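Hi,

Here is the structure I said I would pass on. Have a look at it first, and then read my notes below.

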Amino acid sequence: MHRYQGIVQLDGASLEEIARNYFRQSEQLPTELRLAVGRQSLRGADGQMHRSWRAGGVLVQFLPEAPERMRAPDLHPGEVPEGAVVDEVEDDDAWAEVKALVGTVDDDELVDEAVGVHALLYRLFHERGVRVYDPQDVREQCTCSRDRVRAVLASLSDEDRAEAAQDGTIAIKCEFCSTVYEFDKDDTGQSEAG
Ligand SMILES: [Zn+2]
């Protein structure tokens, strides 16, 4: 239900740094990433040159099941979370190798359409073998819904609901997508659940 914390501090000078800090502090999975943004001139369908922004990135991460997940060397000193399993596993150079390889990625390789993701993956990982999965479109969506918010309200006590109401209306804002759900105070009782 709550895999990710809703609010994460923007901590860092660049988006890349902020994202890296997020993964270190919130996910606590060894993660390495590179992000780049560049402006390109491309010839459009009308034959004219158009300037457009293009962004690219690469993210590598241990799968959560990997036994090396909480290896001490991946955590910064003083950051070993309480209860973390720091496995004593035989050293596998794969992670160190991946980090070193990702460190060689130039901004140009991430934003230049002519390089392409397949060529980049091949350059980086051909010695280990690369398998490319079908691409998935990025969509902006949130799992919140009016029914879910109503169910949360229905689970509150009458007193809590009365306290949340202003002028007979309860307004709940989803902190992920900023959608505001408004309910009539009398429309959120137990009878609505299910
Ligand atoms: Zn939402």
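Before the overview, a word on terms: helices (H or I, at least four residues) and strands (E, at least two) are DSSP runs, and they are numbered from the N terminus. On that basis the protein chain has six helices and four strands. Going along from the N terminus, the order is α-β-β-α-α-α-α-α-β-β.

Two bits of housekeeping. What you have is a predicted model, in which local features need pLDDT of at least 70 and side-chain atom pairs count only at pLDDT 80 or more, while totals for chains, interfaces and linings use all residues. Residue numbers start from 1 along each chain as its sequence is written.

Let's start with α1, which covers residues 15-27. This helix has 13 residues and reaches 17 Å from its first C-alpha to its last, close to the 18 Å expected at 1.5 Å a residue (the expected span is 1.5 Å times one less than the number of residues).

Next come the strands, which I call paired if DSSP finds at least two bridges between them. β1 (residues 31-43) and β2 (residues 49-61) run antiparallel and are joined by 13 bridges. Leu42 sits opposite His50 in β2. The two strands form a hairpin with five residues between them, and Gly47 in the turn has a positive phi of about 85 degrees.

The other pair is β3 (residues 169-173) with β4 (residues 180-184), again antiparallel, with five bridges. Here Ala171 faces Glu182 in β4. Six residues lie between the strands of this hairpin.

Which residue in the loop between β3 and β4 is worth a look? I'd pick Ser178, which has a positive phi of about 70 degrees although it is not a glycine. Ser178 is exposed, with 8 other C-beta atoms within 10 Å. Asp167, in the loop between α6 (158-164) and β3, also has a positive phi without being a glycine, in its case about 55 degrees. Asp167 is exposed too, with 5 other C-beta atoms within 10 Å. For the cut-offs, a residue is buried if 20 or more other C-beta atoms lie within 10 Å of its own, exposed if 12 or fewer, and partly exposed in between, with C-beta atoms placed from the backbone.

Finally, the chain as a whole: of its 194 residues, 6% count as buried.

Cheers
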